[in-house]
Amino acid sequence: MNKLVKLFITSISAITLALVSFTSSFAKVDGEYIVLGSAISLTGKYSSNGVHTQNGYNMAVDRINKMGGVKVGGKSYKFEIIYYDDESNPKRAAQLAERLIKQDGVHYMLGPYSSGLTKAIAPVTEKYKIPMVEANGASRSLFTKGYKYLFAVLSPANQYLEVAIDLAVEKNGGKPVRIAQAFEQDAFSQDVRLGILDAAKRTGSEIIIDDKLPKELNDMAATLAKVKATKPDVLVVSGHTKGALTAIRQISEMKVDVPMLAMTHCDAAKLSKQHGKNSEYALCASQWHKNLSYKDKFFGGGKKYDKDFKKEFGYAPPYQSAESSAALLVFKDAFERANSFDRDKVRDALKDTDMQTFYGNIKFGPGGQNVAKPMILFQVRCKGDTCENKVVAPTKWASDKFYHPIPKWSERG
Amino acid sequence: MDLLIFQAPILMVQASLDGILLGILFALIAYGMALQWGVMNIINIAQGDLVILGGYIAYTMYLVGIHPAWGVIVSPIIMYFVGWALYKLVINKVVDRDLFISILATFGIAIVFQQLMNFVFGADVVVAQSEYGTTMLFDNSVTLPNSKIFAAFISVIYAIGLVIYMKKSRLGRAIRATAQNARAAKILGVDTEKVYAATFGINAALCGVAGALISITLTLHPYVGLPYTVRSFMIVIVAGLGNLPAVAISGMGLGLFEEFADYILGTEFRIGAVFMLLVFILVYRRFKLSKKREYLK
């Protein structure tokens with residue numbers, strides 16, 4: 001009897017174990033579904049951008065599934081995403097990545113929001129050899145570590161404002177310019193700074209103010225007083241949304257006159273809405289804009305994406321959503337070219353990606369960064385009290401002329 | 001580059017005024033902290049989060065079309081009751097325990113407040129516009145936002161008002177008596193429980209005023225409370241408890257020191273420099289204290 005019970009328990013455990021390994025080995029492709037995993041910030045300090053990212057992913061999943069799904073080995077599969085909330089916490093994100101891979105058996109990952117969290121997850125996906133396509137980690141250091149399974153659809157951070165320096169030099173008749181810059185002391189902003197240093201070297205320009213703003217700081221008065229005293233040709237500021245909002249508030253209050261002001265995070269900060277006319281003429285780096293002429297068969301072009309997104313989620317898509325949608329297009333393309341669910345084959349297919357999406361051309365460099373898509377610059381322009389972002393560079397997509405120099409505060413209404 | 005301030009001495013005027021104006025605002029927050037620290041022996045880690053909540057009250061008014069400057073009246077009234085409720089719900093359970101427990105409790109409150117504000121107001125950085133314009137001095141070479149001048153002015157008014165209230169009113173006297181000797185005050189008929197609740201409420205109200213002022217001068221975000229806690233903690237450490245003029249001077253002094261550190265050492269060292277100063281002050285104060293102890297022997 002006793003033996004029988006033991007045998008019974010052993011066989012039950014064996015079956016359970018078999019079932020567990022059975023389900024997990026099929027979790028990557030579950031019936032007609034290809035299961036992707038993502039840890040994403042649905043609560044905590046990145047929650048707004050986390051939700052933009054998730055909406056972008058969901059929109060692309062729906063669209064691809066509706067339009068025939070992913071064809072592998074003559075069969076059509078659909079995408080499905082398992083989400084976990086990482087609470088905007090890097091440690092939690094890394095744990096959840098382990099959980100997605102080990103417990104849920106996910107074999108393909110989508111990135112989280114922000115460079116910091118991507119940096120936390122990348123070592124995990126790399127360890128388990130899980131291909132990850134990410135859309136919201138732009139820090140240059142992600143692409144210099146030799147990661148083999150990380151692919152980013154966005155341009156790296158050092159490219160954000162390089163174009164702005166070229167533009168300043170062009171407006172100065174090809175002569176070098178004097179640059180004042182203020183960057184927050186975080187990975188992303190410091191990468192943007194490195195890009196400016198390269199551009200300054202290339203153009204022979206001189207950096208006359210190079211302030212590194214502490215993270216806790218929400219007052220830039222000292223930096224702006226220095227700018228006022230030294231009168232540079234261009235002022236460059238990057239410090240996430242807080243930096244962008246603080247800069248515009250204090251530039252307008254202290255009446256700092258600079259011929260050109262270049263920034264990051266203008267649309268995430270809703271600059272033109274929160275500061276209205278005071279933000280006019282600010283030049284902003286962006287990964288994407290709806291007016292660009294890129295096309296694909298799933299979303300059409302940028303304007304159609306903008307319209308469809310608004311219809312589904314009730315607000316205009318920020319670039320964080322657009323690039324997240326593009327990540328799924330990349331995965332679909334790679335699965336079909338690999339024509340297999342073998343992780344290494346999919347990884348090799350990702351490496352050879354060379355395609356156009358509504359978001360831009362995508363081709364991965366040796367570090368995994370997207371090398372085929374330039375950054376764009378828009379300028380805030382106002383008519384009466386309503387302000388809009390107008391694309392001014394590169395010239396191929398410019399819808400409006402770049403307004404330069406910025407009129408002095410004493411001449412602005 | 002670091003010596004720009006000596007090449008253009010007018011920058012010294014700008015730096016001094018910027019430092020003093022901001023310092024006064026920080027001194028107001030620090031005064032609330034000193035008050036409840038002195039009365040209840042509680043170091044409130046949630047101080048900065050109360051400030052930010054006060055700021056969001058003013059920001060909400062701005063969103064519905066009321067000028068955010070009215071926040072300096074509305075926000076302290078609401079925040080007084082928030083503080084009072086916090087005392088009744090949490091603080092009175094830990095007020096008789098040691099300092100460590102109270103730090104843990106207020107740290108917990110800080111986290112809850114951050115998450116709640118994130119939930120209600122969203123994770124975006126926001127600003128309220130006062131449209132107060134700019135004061136220009138010395139042929140436009142020194143520019144001061146009127147919103148900062150307004151903030152300093154309101155802070156001074158509240159501080160003076162509070163000093164008078166503490167001196168003249170019944171509750172003020174009861175608070176001071178409790179701070180000096182709680183047991184004696186209780187024996188003489190002071191309802192210390194009420195005094196503690198009121199003190200916590202007054203501190204929260206001061207945070208409310210400061211928050212409303214920050215919404216029109218700086219930026220708001222659910223997670224930026226901690227720097228305000230740290231700053232007011234430092235001001236109190238430097239100034240000592242229950243001494244308003246010292247708190248005001250220490251607030252302005254630290255503001256000035258920070259601005260000049262920015263020009264002379266560089267922006268990346270401005271906060272580090274303030275912390276170095278704190279270390280020196282702590283060492284110096286202990287030195288003085290040990291001298292006193294020797295004298296007592």
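## Exercises on a two-chain model

In the hairpin formed by β1(B) and β2(B), four residues lie between the strands, and Phe138(B) takes a positive phi near 50°. This is a predicted model: local features need pLDDT of at least 70 and side-chain atom pairs count only at pLDDT 80 or more, while totals for chains, interfaces and linings use all residues. Residues are numbered from 1 along each chain as its sequence is written, and chains are lettered from A and ligands numbered from 1 in the order in which they are written.

**Exercise 1.** Work out how strands β1 and β2 of chain B are joined.

*Solution.* Start with the terms: helices (H or I, at least four residues) and strands (E, at least two) are DSSP runs, numbered from the N terminus. Two strands pair if DSSP finds at least two bridges between them. Next, locate the strands: β1 covers residues 134-137 of chain B and β2 covers residues 142-145. They run antiparallel, with four bridges between them. Finally, pick out one bridge: Thr134(B) has Pro145(B) as its partner in β2(B).

**Exercise 2.** Describe the overall build of chain B, from its elements to its radius of gyration.

*Solution.* First take the elements: chain B has twelve helices and two strands. Along the sequence they follow α-α-α-α-α-β-β-α-α-α-α-α-α-α. Then turn to size: the radius of gyration (over C-alpha atoms) is 20 Å, close to the 19 Å from the globule rule (2.2 Å times the number of residues to the power 0.38) for 297 residues, so chain B is as compact as a globular protein of that length. Last, look at burial: 48% of the 297 residues are buried (20 or more other C-beta atoms, placed from the backbone, within 10 Å of their own).

**Exercise 3.** Find the domains of chain A and describe the contact between them.

*Solution.* Begin with the bounds, which come from an automatic or database domain assignment: domain 1 is 25-155 + 291-363 and domain 2 is 159-286 + 375-411. Their centres, taken over C-alpha atoms, are separated by 31 Å. Now count the contact (C-beta atoms, placed from the backbone, within 7 Å): each of the two domains of chain A gives 13 residues.

**Exercise 4.** Identify what chain A brings to its contact with chain B.

*Solution.* Count first: 31 residues come from chain A and 32 residues from chain B. On the chain A side, the elements giving two or more residues are α2 (47-66), β9 (206-213), α7 (221-230) and α8 (240-253).

Key. A residue is buried if 20 or more other C-beta atoms lie within 10 Å of its own, exposed if 12 or fewer, and partly exposed in between; C-beta atoms are placed from the backbone.
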